[in-house]
Amino acid sequence: MNKKWRKTKISAVTLLFIASVLAACGGKENTDTNFKQRGSGNMNEETNQTNSELSKIAFKDLGSSFSKKQFKEIYLQFSPEFKNQVSEQDFINLSEQFRSSKDKFELASHMKLNGIELGVWLNEDGTKALQASSEQKNIFSGMTVQYFEPSSKEDKELTKTVFQSPFEEDQFVFWGGNHEYLNYHYAYSNQKYAYDFIQVKSEMSFDGDSVVNESYYAFGQPILAPADGTVVLAVDHIADNSPVGVMNEKEPAGNVVVIDHGNGEFSYLAHLQKKSVVVKEGEQVKQGAVVGKLGNSGNSSEPHLHFHVANGKDLNTSQSLQIQWANGEYPVRGETMRGIQQNK
């Protein structure tokens with residue numbers, strides 16, 4: 001697989017976090033303590049009752065409790081599966097090592113999707129992150145902590161082109177933001193500021209059989225040119241992945257439209273539906289024009305749109321650019337990107 005186009009893990013199964021606590025290594029690379037176990041599973045009634053009686057920490061308040069060094073209280077609310085892999089004393093020791101006296105963890109992303117609640121908390125400069133999941137009220141099913149490099153100065157530089165949403169309807173931001181825990185693309189210069197969009201209704205991305213593309217609310221939605229430009233790449237022949245969850249790593253972008261907007265700025269609309277692309281290379285397109293339909297082609301685990309802007313037409317050698325959005329909003333993971341119908 002081309003590492004520059006990493007797998008997009010957005011299915012109900014892959015949303016489960018691994019319960020892994022990372023220890024510091026002199027402020028450099030992180031060392032995995034190998035305490036790993038899926039943070040899910042059934043709990044007996046006795047355990048549920050005990051945890052329920054002791055629970056005082058709401059999921060959204062986990063970062064605040066971690067900042068206050070309430071490690072014992074947090075541990076009491078972990079699932080039995082987590083506790084079987086990580087002892088209370090190990091959890092406390094590693095948490096104390098990770099959290100400095102100055103750290104204050106604020107909620108940066110929160111979402112409920114396909115039966116799982118997910119949260120990310122960052123310290124003030126984004127160099128430390130805490131991530132957790134829950135599949136049952138007052139029970140934490142998994143948690144990770146990790147060190148990061150400070151954000152780069154490029155994060156403040158925006159494209160000259162002003163882009164509108166590539167959707168008519170509102171979309172859910174599954175990956176997006178200027179931090180690796182909000183946006184896994186951030187670690188890769190060629191797609192650093194990319195977004196992955198899905199559609200969510202009643203906290204679900206699908207209705208019906210989860211392995212069928214047509215069950216997903218996003219599948220088949222019209223994709224719009226985000227700004228005026230010239231089509232420089234239009235791929236239309238790649239089959240949508242079926243069943244959902246089987247990915248095509250040989251054609252990571254899948255069906256894709258790339259538009260040259262001038263100013264050395266190119267937008268990428270990837271994972272489109274087979275035979276849905278209605279534009280051709282060399283064609284001039286206007287902002288808001290339909291270019292294709294959202295699909296599940298390429299290295300995609302669920303119907304979604306991968307969207308980013310870069311300084312060249314080559315997917316692997318160009319450098320990602322921070323997008324200037326027309327509505328002035330910059331949604332991050334767990335938030336909503338408003339469709340153009342909402343901006344009229």
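Student: What should I know before I start?

Tutor: This is a predicted model, where local features need pLDDT of at least 70, side-chain atom pairs count only at pLDDT 80 or more, and totals for chains, interfaces and linings use all residues. Residues are numbered from 1 along each chain as its sequence is written, and side-chain values use heavy atoms, with hydrogens and water left out.

Student: How many helices and strands does the chain have?

Tutor: Helices (H or I, at least four residues) and strands (E, at least two) are DSSP runs, numbered from the N terminus. Here the chain has five helices and 19 strands.

Student: How much of the chain is buried?

Tutor: A residue is buried under 20% relative accessible area, exposed over 50%, and partly exposed in between, using a 1.4 Å probe and protein chains only. Of the 344 residues in this chain, 53% are buried.

Student: Which strands form the open sheet, and in what order?

Tutor: Two strands pair if DSSP finds at least two bridges between them. In this model, four strands form an open sheet in the order β3-β4-β5-β6, with antiparallel pairing. Its edge strands, β3 (106-113) and β6 (142-147), each pair on one side only. For angles, axes are lines fitted to C-alpha atoms, for helices over the stretch in contact, and the values run from 0 to 180 degrees between N-to-C directions. Neighbouring strands of this sheet are turned by 10 degrees against each other on average, direction ignored.

Student: What packs on the sheet?

Tutor: For packing we look at contacts, meaning heavy atoms within 4.5 Å. Helix α5 (residues 88-98) packs on the sheet and touches β5 and β6, and its direction makes about 35 degrees with that of β6.

Student: Can you walk me through β5 and its partners?

Tutor: Gladly. β5 joins β4 in the antiparallel sense over six bridges, and six bridges also join β5 to β6, again antiparallel.

Student: Why is β5 described as largely enclosed?

Tutor: Seven of the seven residues of β5 are buried, so the rest of the structure largely encloses this strand. Both faces are covered: Lys128, Leu130, Ala132 and Ser134 are buried on one side, and Ala129, Gln131 and Ser133 on the other.

Student: What lies between β4 and β5?

Tutor: These two strands form a hairpin with five residues between them, and glycine 126 in the turn has a positive phi of about 70 degrees. Asparagine 123 lies in this loop, between β4 (116-122) and β5 (128-134).

Student: Is asparagine 123 buried or exposed, and what does it touch?

Tutor: Asparagine 123 is buried, with a relative accessible area of 7%. Leaving aside neighbours within four places in sequence, asparagine 123 is in contact with Asp103, Lys104, Phe105 and Lys128.

Student: Where is the largest nonpolar core?

Tutor: In soluble globular proteins, nonpolar side chains tend to be buried together. A nonpolar core is a set of buried Ala, Val, Leu, Ile, Met, Phe, Trp, Tyr and Cys residues joined through side-chain atoms within 4.5 Å. The largest one here has 25 residues, and those with the most contacts inside it include Phe197 and Phe307. The elements that give two or more residues to this core are β9 (195-198), β12 (255-260), β13 (266-272) and β16 (305-310). β16 gives the most, with three residues. A second, separate core of 21 residues includes Ile57, Leu62, Phe82 and Phe140.
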